[in-house]
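The following paragraphs lead through a single protein model, from its sheets to its ligand site and then to selected residues. Please keep the sequence and the coordinates in view while reading.

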Amino acid sequence: MASIAPAPAPALPPTDHVPRPWTGPSRAEVLADRQRYLNPAIFALYREPLMIVEGHMQYLWDETGRRYLDLFAGIVTVSCGHCHPRVTRAIQEQAAALVHTTTIYLHPGPPALARRLAEKLPPGLDVTYFVNSGSEANDLAVLLARAWTGHHDVIAVRNAYHGGSTSTMPLTSHHTWKFPQQLNTGVHHAICPDPYRSPFEGTPEAIASRSAADIGELVRYSTPGRIAAFIAEPIQGVGGVTAGAPNYLREAYALARSFGGVCISDEVQTGFGRTGEHYWGFERSGVVPDIVTTAKGIGNGTPLAAVTTRREIAEALTRRTHFNTFGGNPVSMAAGLAVLETIDAEGLMENARVVGGRLRQGLEDLMRRHPIVGDVRGRGLMLGVELVRDRGTREPATAQTLEVLERARDQGLLLGKGGLDGNVLRIKPPLCLTAADADFAVGVLDWVLGKVR
Ligand code: PMP
């Protein structure tokens, strides 16, 4: 009797890129030194930590020359592609001319990039502070809001991630990221509008309205009645690709403003075309924030972040001295300018829409066939797949999610994970992902989900 051979796992789409032979220290040596000399709080994603030594566009290579499709993009940071030639060239040319002076001297880089950001943002949002990380950007945004309004309290959203510094940790709303040193007081978390795990029932729009109304309750019960700011990610990233219906931000912004607050859009993950239909995440709701924070994708992997606001708000910081040593660094500016140019020149936002749409369709198809998939959500190339042990109870399938990550890696596919319970697959690749890559990813996931119990 002929036996049926199990279906083989899909193969990675071809590439012309040939990685350099690895001549550096072995993986075992790197791991031993990392364990011996690096802070013990850093964690590796896989049971057997993966060493990555080269990248090209949407692909990564380990020290053995094995290739992987990268669906996590250095935690949603590599926007144009790993070592994108245009960005690399811009960095190399600037590094050869001038690396650092600070903003005490003139240099064309900072005003040029600030101008490009102003051109991309709605009119009025045209003054930028440059910093180095998303945490710093949100820290500065809240400082600006407090200085400008004269109020102290800030409303954030449950399940948010806004940073890990001692001032942004309180904005972040996951117990897992918090230490008992909440130095930034006056932060309150409103109910998350994500319909999948909402305490409310009804349509996504009704859930969004009821969640937005919670801001009013928080202000009435927990603050002096006036607030400095409302801060939100249009789609929560670390939280597991969660978002409210578009009316959420409209209603939340209106309420926050009625209590004297400014509205901060954390575009660290949703900015620069990742969501496909819009350049900025807030655009889907038809709102205009007062302050926009950016990081990650703006630098394609270089330490670059920004806070953009209206001049009158920006001027609040001229009352005292404010300075950032690396903010506006010429090499970061060159990288940022090349990134913005590349996103437009290569139509990466449109690619995020088209390839992201195809990927999402493939993932929805997997949901129909694998009961472990409880929800598929997100937009463009910012997608999430929530794994549950039971679709009725929605009990998080945390252990199974780790298993999926491990098995996908074995097949050459690198995924991220998120959500409070670590049960959401996060799919946020470089924006140059191709249709063939998307099909490969869905094929591997289909193969893997069929094996995980
Ligand atoms: N905001 C959001 C939405 C983020 O996802 C992150 C990082 N995951 C941050 C802020 C903080 O950025 P950084 O790690 O650069 O400080």
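In what order do the four strands of the open sheet stand? The order is β1-β2-β3-β14, and the pairing within this sheet is mixed. Here strands are DSSP runs of E with at least two residues and helices are runs of H or I with at least four residues, both numbered from the N terminus; two strands count as paired if DSSP finds at least two bridges between them. The edges are held by β1 (52-56) and β14 (413-414); each has a single partner strand, so one side of each is left without a neighbour in the sheet. Within the sheet, β2 (residues 59-62) and β3 (residues 67-70) are antiparallel and share three bridges, and Y59 has L69 in β3 as its bridge partner.

The model is predicted, so local features are reported only at pLDDT of at least 70 and side-chain atom pairs only at pLDDT 80 or more, whereas totals for chains, interfaces and linings use all residues. Residues are numbered from 1 along each chain as its sequence is written, and side-chain values rest on heavy atoms, with hydrogens and water left out.

Buried means a relative accessible area under 20%, exposed means over 50%, and partly exposed lies in between, with a 1.4 Å probe and protein chains only. Strand β11 (residues 373-379) pairs with β12 in the antiparallel sense over six bridges, and R379 has M382 in β12 as its bridge partner. These two strands, β11 and β12, form a hairpin with two residues between them, and G380 in the turn has a positive phi of about 55°.

Strand β12 also runs antiparallel to β16 (residues 424-427), to which four bridges join it; V385 stands opposite L425 in β16. A further antiparallel pairing, over two bridges, links β12 to β13 (residues 395-396), where P396 is the bridge partner of V388. The hairpin of β12 and β13 has four residues between its strands, and R394 in that turn has a positive phi of about 60°.

The side chains of D375 and R377 are joined by a polar contact of 2.7 Å. A polar contact is a pair of N or O atoms within 3.5 Å; within protein, one must be able to donate a hydrogen and the other to accept it, and residues adjacent in sequence count only if both atoms are side-chain atoms. Apart from its neighbours within four places in sequence, D375 is in contact (heavy atoms within 4.5 Å) with Y196, M367, G384, V385 and E386.

The ligand site comes next. An oxygen atom of the ligand lies 2.9 Å from a backbone N or O atom of G134. A ligand nitrogen atom is 3.5 Å from a polar backbone atom of Y161, and a ligand nitrogen atom is 3.2 Å from an N or O atom in the side chain of K296. Taken alone the ligand exposes 390 Å², of which the protein buries 83%; accessible areas come from the Shrake-Rupley method with a 1.4 Å probe, and for residues only the protein chains shown count as cover.

Most residues other than glycine have a negative phi. I75, in helix α2 (residues 73-76), has a positive phi of about 60° and is partly exposed, with a relative accessible area of 40%. N300 has a positive phi of about 55°; this residue lies in the loop between β9 (291-294) and β10 (305-309) and is buried, at 10%.
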